[in-house]
Each structure stands twice: as C-alpha cells, then as structure tokens.
Amino acid sequence: MVAILKTQNLARSFGRIQAVKDVSLEVQEGALFGMLGQNGAGKTTTMRMCLRLIRPTAGRVELFGKEIGANFIEIMSQVGALVELPAYYPHLSA
C-alpha cells in the first residue's frame with residue numbers, strides 16, 4: 001500500500017520558538033487521518049509544511065511516495081487543501 005503522506009523528523013522554528021518538533025507520521029492510501037491538539041500545538045504549521053506553504057527547519061515531506069521539494073508542481077496538481085480558514089457558502093450544498 002502506498003503512503004499518501006509521510007513525514008520524517010519534521011521540525012519548524014520561528015526564531016527561538018519551536019512550533020513543531022520531530023514529527024514523523026505515515027498516512028496510507030484510503031485512510032482517514034485527523035490531527036487533534038490544543039491551540040498552538042503545531043497542527044496548522046505541520047499542514048503548511050506538508051503543502052510547502054512554509055519550509056521546514058528540519059526533516060522531509062513525501063506526498064504520493066515522492067519528495068515534495070523535487071516534485072512540487074507534479075504533486076500539487078493532485079492536491080486540494082483548505083488550511084485553517086473554512087468558509088460557509090449558503091448558496092451551495094455539501
């Protein structure tokens with residue numbers, strides 16, 4: 001089975017603040033995955049690194065079995081994401 005998302009030792013610091021430290025995870029094709037935690041736990045920062053909206057201080061991200069940096073355009077053509085700002089459109093149905 002293919003790992004759709006894989007992170008290895010992912011970390012991100014903003015100056016002296018360590019927002020994400022040593023996150024390693026693997027999400028298999030067809031799996032449902034959620035990240036739960038308190039405000040400030042690093043959930044949004046982790047997702048932004050996985051989408052390459054911000055670069056990690058350390059570690060690596062793979063999507064669809066390919067390293068995101070070297071294959072960014074190819075990978076992102078297969079990804080849809082909404083990070084942190086869900087919107088409600090009253091004229092549309094789910």
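Buried residues, those under 20% relative accessible area as judged with a 1.4 Å probe and protein chains only, make up 22% of the 94 residues in the protein chain. This is a predicted model, in which local features need pLDDT of at least 70 and side-chain atom pairs count only at pLDDT 80 or more, whereas totals for chains, interfaces and linings use all residues. Residues are numbered from 1 along each chain as its sequence is written, and side-chain values use heavy atoms, with hydrogens and water left out.

**Overall architecture**

- The protein chain contains 2 helices and 4 strands, where helices (H or I, at least four residues) and strands (E, at least two) are DSSP runs numbered from the N terminus.
- The order of these elements along the sequence is β-β-α-β-β-α.
- Taken along the principal axes, the box filled by the C-alpha atoms of the protein chain is roughly 45 × 35 × 25 Å.
- Among contacts in the protein chain with a separation of 6 or more, 49% join residues 24 or more positions apart, a contact being defined by heavy atoms within 4.5 Å.
- The protein chain exposes about 6900 Å², of which carbon and sulfur atoms supply 55%; accessible areas come from the Shrake-Rupley method with a 1.4 Å probe, and for residues only the protein chains shown count as cover.

**Nonpolar core**

- The largest nonpolar core has 12 residues in all, namely Leu5, Leu10, Ala19, Val20, Leu25, Val27, Met49, Cys50, Val61, Leu63, Ile68 and Ile75; such a core is a set of buried Ala, Val, Leu, Ile, Met, Phe, Trp, Tyr and Cys residues joined through side-chain atoms within 4.5 Å.
- At least two residues of this core are supplied by each of E1, strand E2 (17-28), H1 and strand E3 (58-63), and E2 gives the most, with 4 residues.
- Val27, one of the core residues, is found in strand E2 and is buried, with a relative accessible area of 10%.
- Leaving aside neighbours within four places in sequence, Val27 is in contact with Val2, Ala3, Ile4, Leu5 and Phe33; the C-alpha atoms of Val27 and Val2, which are 25 residues apart along the chain, are separated by 8.7 Å.

**Largest pocket**

- The largest pocket holds about 320 Å³ of space. On a 1 Å grid over the protein atoms alone, a pocket is an open set of points where a 1.4 Å probe fits, with protein on both sides within 12 Å along at least five of seven lines, and lining residues have an atom within 4 Å of a point. Grid points are joined across faces, edges and corners, and the volume is the space filled by probe spheres set on the points.
- Its lining has 17 residues, and those closest to the pocket centre are Met47, Leu51, Val79, Gly80 and Ala81.
- Strand E1 (3-14) and helix H1 (43-50) are the elements that give two or more residues to this lining, and the largest share, 4 residues, comes from H1.
- By class, the lining of the largest pocket comprises 12 nonpolar, 3 polar and 2 charged residues, where Ala, Val, Leu, Ile, Met, Phe, Trp, Tyr, Cys and Pro count as nonpolar, Asp, Glu, Lys and Arg as charged, and the others, Gly among them, as polar.

- Thr45 is found in helix H1 and is buried, with a relative accessible area of 15%; leaving aside neighbours within four places in sequence, Thr45 is in contact with Arg12, Phe14, Ala19, Val20 and Ile54.
- Arg52, placed in the loop between H1 and E3, has a positive phi of about 60° although it is not a glycine.
- Arg52 is partly exposed, with a relative accessible area of 23%, the class that lies between buried and exposed, the latter being over 50%.
- Leu53 lies in the loop between H1 and E3 and is exposed, with a relative accessible area of 57%.
- Leu53 and Gly80 are 27 residues apart in sequence and 13 Å apart in space, C-alpha to C-alpha.

**Asn9 in strand E1**

- Asn9 lies in strand E1 and, although it is not a glycine, has a positive phi of about 50°.
- Asn9 is partly exposed, with a relative accessible area of 45%.
- Leaving aside neighbours within four places in sequence, Asn9 is in contact with Asp22, Val23, Ser24, Ala58 and Gly59; the C-alpha atoms of Asn9 and Ser24, 15 residues apart along the chain, are separated by 5.2 Å.
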